[in-house]
Amino acid sequence: MALDYAKCAKEIFEGVGGRENLVSAAHCATRLRLVTVDNSKFDMKKLEDIEGVKGVFSNNGQLQLIIGTGTVNKVYDEFLAISGMTAATKEEVKAAAAAQQPLIKRMVKALGDVFVPILPAIVASGLLMGIVEALGKIESLHFSETAWYGFLDMMSNTAFAFLPAIVAISAARVFGGNIFLGAVMGLMMVHPGLINAWNVGSVDVIPTWNLFGDWQIGDYVVGSVNQVGYQGHVIPVIIAVWLMCQIEKWLHKHVPEMIDLFVTPITTVFLTALATFVVIGPVFSLAENYVLKFAEWIVQNPFGALLLGAIYPLTVVMGLHHMYNTIEAGMLSSVGLNTWMPIASSANFAQFGACLAVGIKTKKSKTRSVAIPSSMSAALGITEPAIFGINFRFMKPFICAMIGGACGAIFGAFTKIGATAYGVTGIPGFLTINNLAVYAIMLAISGGIAFILTWIIWREHPDEVSTAEAKRIAEEAAAAETPAIETKDNTIYAPVKGNVIPYDQIPDPTFASGVLGKGVGIEPAVGEVVAPFDGTVSSVTDTKHAIGITGPQGMELLIHVGVDTVNMAGDGFEMYVGEGDAVKAGQKLISFDIEKIKAAGYSPTTAVLLTNSDDYEGFRIAKTGVSEPLEPVVEV
């Protein structure tokens, strides 16, 4: 009996608490994704009992209901009609889910969103600054006396001299304000008419503007503004721009449209500037100075560095590590040396050492294929693939890496090394560090200790395949030839070249449970999906990672490339067909980048699931192991 889509949607709508409890709704290839106001207003068990819903779980602030390919889009359309909501993209749903997160997580995310986009400017300036300073110190070259030195020194200092303006533009984008108004605020805070904050120590008397005359509260003159710029500060800039964005949004809503164009900008800038120079700047620049002093003390204190080197990867797991960009940027702006970088670099290179040890020691080809590339990524400072793909999953390598990172960090604190940029760690850090030899020793300590400890402590599960077996599988895959076949109506042929495994071994609990149907998983050897039979494309995802096909005898097949690859937003994927297209067996459907999937921290295992497998009593898996495209893998 066909599913009543309207009834299913109505029961879901009622089950989650109605329209007043809904923030946003979207869907992917198999799941309805909802963001709710109050999670306590719905019953997971009740939702699971709805006909058509094959599973329910909550993840990253989203309520996800597993419905199935070809069905979820129909239920979604009915859900929109019943709820009166408009369609949202998965990105919009993620944003809405993020808004439901605790305040501290939202604040840390906002800091990351502000600083990550400006990394190229900071890295470029930092690298150039390091090169110029190194050349200037070589007396035999006399480079510091040349015009080139002055020109390049100006180039390398620009991003740091006007850092408040760059931060302000990025912050205005994050907080939803006019980026040009944000630029005005940032430039205002480093205006040449103000005393440069780096030179304030040489001024005997700091001039002030008493905006409200001599009105005093105690010793404080109300509205008194010191005529000093905010070079070297970032926190006051971010807070000022956040306030600017709130004022601007409020005015846009309340000012009549006919005068909004000129009233809103001037009012926004005036009120923000007044609040910034009278309150925000003085208060938060002082607070930031204390925070930076504490940060500088703790990273140069061996015991503090030891602790931070150990816990740094935990903050990566929790997604809090972007907050360090604020500290690093402040250090660079205030003292010109980022002493936090050695700690982060030690922690990251230790993840490389632990992951590499797993990759070399493992006897399972699948683990090795993830561990080796992930370790190389970690050596370059991108640790998420190593952490989430290997170290944190097996835990013992993660703990060994924490120990290695702590040892490297304490060495960095004793030697007092630092960098001329932020956002660069691992091997690229050689371009920004102020002592190459010491930095190399520090990396050797952190990575070496993590490698040795992991090699000694970590043991692979005994049921992993042997090295000889992995080699045999690889050799068979390379030697096999694509057979010439005549398709049968009761057969699903392999859409991907690789190692075929039963569906319950797919590394995703939803696929492995069979709630989306039975079938197989394929560990791909080649990044290409072809049609497994003659049929019609029933659905495609906008992220290009999954496709539904209707075939002979009413078979409804889902081909889903990778696990959680929806998060890649189409990066590394290409779709060659559209919904409603007729396809022939062997026709190219999708291409994908296996290494890019692995580097992003996801498994490329491709699910090939017959979503209506319960309709076929004769369902059986016809083959596992190494398979070429268009070899029979399932029969019904």
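How many salt bridges does the count come to? I get 8, where a salt bridge is a side-chain nitrogen of Lys or Arg within 4 Å of a carboxyl oxygen of Asp or Glu.

Ground rules before I go on. This is a predicted model, so local features need pLDDT of at least 70 and side-chain atom pairs count only at pLDDT 80 or more, while totals for chains, interfaces and linings use all residues. Residues are numbered from 1 along each chain as its sequence is written, and side-chain values use heavy atoms, with hydrogens and water left out.

**Entry: salt bridges**

I looked up Lys596 and found a salt bridge to Asp571, with 3.3 Å between the closest N and O atoms. This pair ties together distant parts of the chain, 25 residues apart: Lys596 sits in helix 21 (residues 594-599), and Asp571 in the loop between strand 15 (556-560) and strand 16 (573-575). I'm taking helices (H or I, at least four residues) and strands (E, at least two) as DSSP runs, numbered from the N terminus. For exposure, buried means under 20% relative accessible area, exposed means over 50%, and partly exposed is in between (1.4 Å probe, protein chains only). Lys596 is partly exposed at 34%, and Asp571 is partly exposed at 42%.

Helix 21 gave me another pair. Lys598 and Glu595 meet through their side chains in a salt bridge, 4.0 Å from N to O. They are 3 residues apart in helix 21, so about one helical turn separates them.

Lys623 is partly exposed, with a relative accessible area of 22%, but Glu631 is buried at 17%.

**Entry: the sheet with strand 20**

Next I traced an open sheet of 3 strands, and I read its order as 9-22-20, with antiparallel pairing. Strand 9 (491-493) and strand 20 (620-621) are the edges; each has a single partner strand, so one side of each has no neighbour in the sheet. Pairing here needs at least two bridges found by DSSP between two strands. Strand 20 and strand 22 (residues 632-635) run antiparallel and are joined by 2 bridges. Within this pairing I found Arg620 opposite Glu635 of strand 22.

Is strand 14 (residues 546-550) mostly covered or mostly open? It is mostly covered, since 4 of its 5 residues are buried. Strand 13 (residues 535-540) pairs with strand 14 in the antiparallel sense, over 4 bridges. I picked out Val540, whose bridge partner in strand 14 is Ile547. Strands 13 and 14 make a hairpin with 5 residues between them, where Lys544 takes a positive phi near 65 degrees.

On to the other pairing. Strand 14 and strand 15 run antiparallel and share 5 bridges, with Ala546 opposite His560 of strand 15. I get a hairpin here too, with 5 residues between the strands and a positive phi of about 60 degrees at Gln553 in the turn.

**Entry: Pro509**

I found Pro509 in helix 20 (residues 509-513). Pro509 is exposed, with a relative accessible area of 67%. Pro509 and Val563 are 54 residues apart along the chain, and I get 10.0 Å between their C-alpha atoms.

**Entry: the cavity**

How many cavities of 30 Å³ or more does a search of the whole structure find? I get 1. On a 1 Å grid over the protein atoms alone, a cavity is a set of points where a 1.4 Å probe fits but cannot get out, and lining residues have an atom within 4 Å of a point. The largest cavity holds about 60 Å³ of space. Its lining includes Val299, Gln300, Thr339, Pro342, Ala409 and Lys416. Helix 11 (257-300), helix 14 (341-361) and helix 17 (396-415) each give two or more residues to that lining, and helix 17 has the largest share with 3 residues.

Note on methods
On a 1 Å grid over the protein atoms alone, a cavity is a set of points where a 1.4 Å probe fits but cannot get out, and a pocket is an open set with protein on both sides within 12 Å along at least five of seven lines; lining residues have an atom within 4 Å of a point. Grid points are joined across faces, edges and corners, and a volume is the space filled by probe spheres set on the points.
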